[in-house]
Amino acid sequence: MILSERNTLFRLILIDKLLIGILRAGAMLAALVMLLILFFLVDESWPVLSKLSIVRFIDDASWHPLEGAYNLMPMLSGTVLTSVGALLLTIPLSLASALFIVFYAPIHLATLYKRLIELLSGIPSVVFGFWGLTTLVPLINQWNPPGASLLAAILVLTMMILPTVTLTAYTALAAVPEELLRNAAALGLSRWGMIKGVALPAAKTGIAAGIILAAARALGETMAVLMVAGNVVQYPETLFDPVRTLAANIALETAYAMGDHRAVLFVSGLLLMLLVMVLSGMAGLLEKQRHA
Amino acid sequence: MRETMPIHTWQVLRDRIVQFLIYASVLLISAVFIWILADLVRGGFAHLSWEFLTESPRDAGRAGGIASILVSTLLILLVAVLTAVPIAWTTAILLAEFVAVDSAFGKAVRFSLHVLAGVPSIVFGLFGNAFFSVYLGLGFSILSGGLTLACMLLPILASTAEAGLRTVPNAYRMSASALGLTRTAALVHLILPAAAPVLAAGLLLGIGRALAETAALLFTSGYVDRMPDSLLDSGRALALHIFDLSMNVPGGDMPAYASALVLVSLLLCINILAMKFAHGLQRRKIMT
């Protein structure tokens, strides 16, 4: 009797141990994926990284991969310009949207608008790209040809990162303690005075973290930009010049790239990933600051 | 008194201007959203029919339908979800239930998932091509596409599941322990059922993300648009079909519109359903 009780207890403990073992294995596997990705990116770009000096990526005549000229700077500038442009447009629009949800709209309208933004975030990038290609590009083309341009890329990217910034800014603003706002109202501040003087400063780290996350998304966005940016390797002089971004370049050329060319594309992938990792690390630090 | 009056009117004016700007931006964003949806519906609805959904594409997609593409998409999705869910959910259970928040192992896993969540999808595509297609020799196939997507889904599934498990009140765990339940039993009979709506919401979000993905599939699952015979066949996902039709096939706009409409409707349904699950949870949290 006692023996059998002991037996069941023993078996139960064994099951617990087994469960923890399985869980640990799963978690290890999940953590391993990241290392695997880093390893394969470095491994594939190693032939070029070990052979060519880094200066070649900045100093070569241009991007003619088949003739061994691997200047990545025009594409890096394309990536940075599209992202910065999109952020400049997104920040005011998203802040306005978040303020609208938290402070201006009646509750039903606020919920409805928040749903709309959430649904907007669910639209796939290829659909944004397709819409940009069939609607936006012809419109810009009428105004200032060729249409497929830096401007089109910025506009499409804006729509794609707007939900991220809006929703994080909304969360940060909604987390501002009610009593701060009441105090501000009691001091006779006007609505905008309260928002500018109390709500925005209190929510600023959360908002900044959201903006940095959106910047990371914008840097890595591929399909939508690929479809509307025109993809000419050059430094754009005006908003209406076509550009090619790093991510678009990878998508365009990996299919047929061989040897060193393929390795350089992996180098640009690695570069993109490091950029994004730095940005998301910054966002993580800000979040931590906010919670501390 | 004479000096404060203009400041006051200036403040009122300033508030009005700001309010106007905010309403204008909100109107602008809503208008663009409706513009996109209206464009898709107007462009795609005429081309959409039962035959479009049940026929395979002909003439590079200009004619025929998207049946084989839907099958490929579904297979890629199945591979991705069936691979990612066990790994992600075991990770989440370990992080939420069995490991202290500040343990080194937990921190390392969480950090790795955090970084993974930020990796751009095109980089997943490069990795998938180098690892699954070339190194493991799976070639351009539904299997390598699905496995690449599984890597992308890991952080989303794990973080939503962990958040869901953390919303289960601690009283549940203590009661279970007081009743002498083993941790396995408490997990299976109590905690997982309580967290089920959030797990479902996370799963739906993950499926939505996978359906929307294009860049990661470009060089992993391939372009072939016929009906796949096995998981090792190349298969074209719906999102990739839209890309190909609009960029590489002259005269492919009509089927592209219709495919985009199908994709967006699917995603809207999935996301609304996910919101419903998450919303139910919030309501319950308020009530208890």
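## The interface between the chains

Two residues are in contact when heavy atoms lie within 4.5 Å of each other. By this rule, 72 residues of chain A are in contact with 71 residues of chain B. The structure is a predicted model, in which local features need pLDDT of at least 70 and side-chain atom pairs count only at pLDDT 80 or more, while totals for chains, interfaces and linings use all residues. Residues are numbered from 1 along each chain as its sequence is written, chains are lettered from A in the order in which they are written, and side-chain values use heavy atoms, with hydrogens and water left out.

The size of an interface is often given as the accessible area lost when the parts come together. Buried area is accordingly the accessible area (1.4 Å probe) that two parts lose on being put together, summed over both. Between chain A and chain B it is about 6500 Å², and carbon and sulfur atoms give 81% of this area. Helix H1 (residues 2-51) of chain A gives the most to the side of chain A that touches chain B, with 21 residues; helices here are DSSP runs (H or I, at least four residues), numbered from the N terminus. The residues of that side of chain A comprise 52 nonpolar, 13 polar and seven charged. In this grouping, Ala, Val, Leu, Ile, Met, Phe, Trp, Tyr, Cys and Pro are nonpolar, Asp, Glu, Lys and Arg are charged, and the others, Gly among them, are polar.

## Aromatic pairs

Over all chains, the count is 15 aromatic pairs. Rings of Phe, Tyr and Trp (its six-membered ring) pair if their centres lie within 6.5 Å; planes under 30 degrees apart count as stacked, over 60 as edge-to-face and the rest as tilted. The ring centres of Phe40(A) and Tyr135(B) are 5.3 Å apart and their planes stand at 70°, so this pair is edge-to-face. The pair crosses between chains, joining Phe40(A) in helix H1 of chain A to Tyr135(B) in helix H5 (residues 121-135) of chain B.

Relative accessible area describes the exposure of a residue: buried means under 20%, exposed over 50%, and partly exposed in between (1.4 Å probe, protein chains only). Phe40(A) is buried at 5%, whereas Tyr135(B) is exposed at 59%. Phe127(B) and Phe131(B) form a stacked pair, with 5.5 Å from centre to centre and 15° between the planes. These two residues are four apart in helix H5 of chain B, and therefore about one helical turn separates them. Phe127(B) is buried at 1%, and Phe131(B) is buried at 12%. Ring pairs link Phe39(A), Phe40(A), Phe127(B), Phe131(B), Phe132(B) and Tyr135(B) into a cluster.

## Salt bridges

A salt bridge is a side-chain nitrogen of Lys or Arg within 4 Å of a carboxyl oxygen of Asp or Glu. The whole structure has 14 salt bridges over all chains, but the count between chain A and chain B is zero.

In chain B, Arg166(B) and Glu162(B) form a salt bridge at 3.0 Å, N to O. Both residues lie in helix H6 (residues 142-167) of chain B, four residues apart, or about one helical turn. Arg166(B) is partly exposed at 39%, while Glu162(B) is buried at 11%. In chain A, salt bridges that share partners join Lys114(A), Arg115(A) and Glu118(A) into one network.
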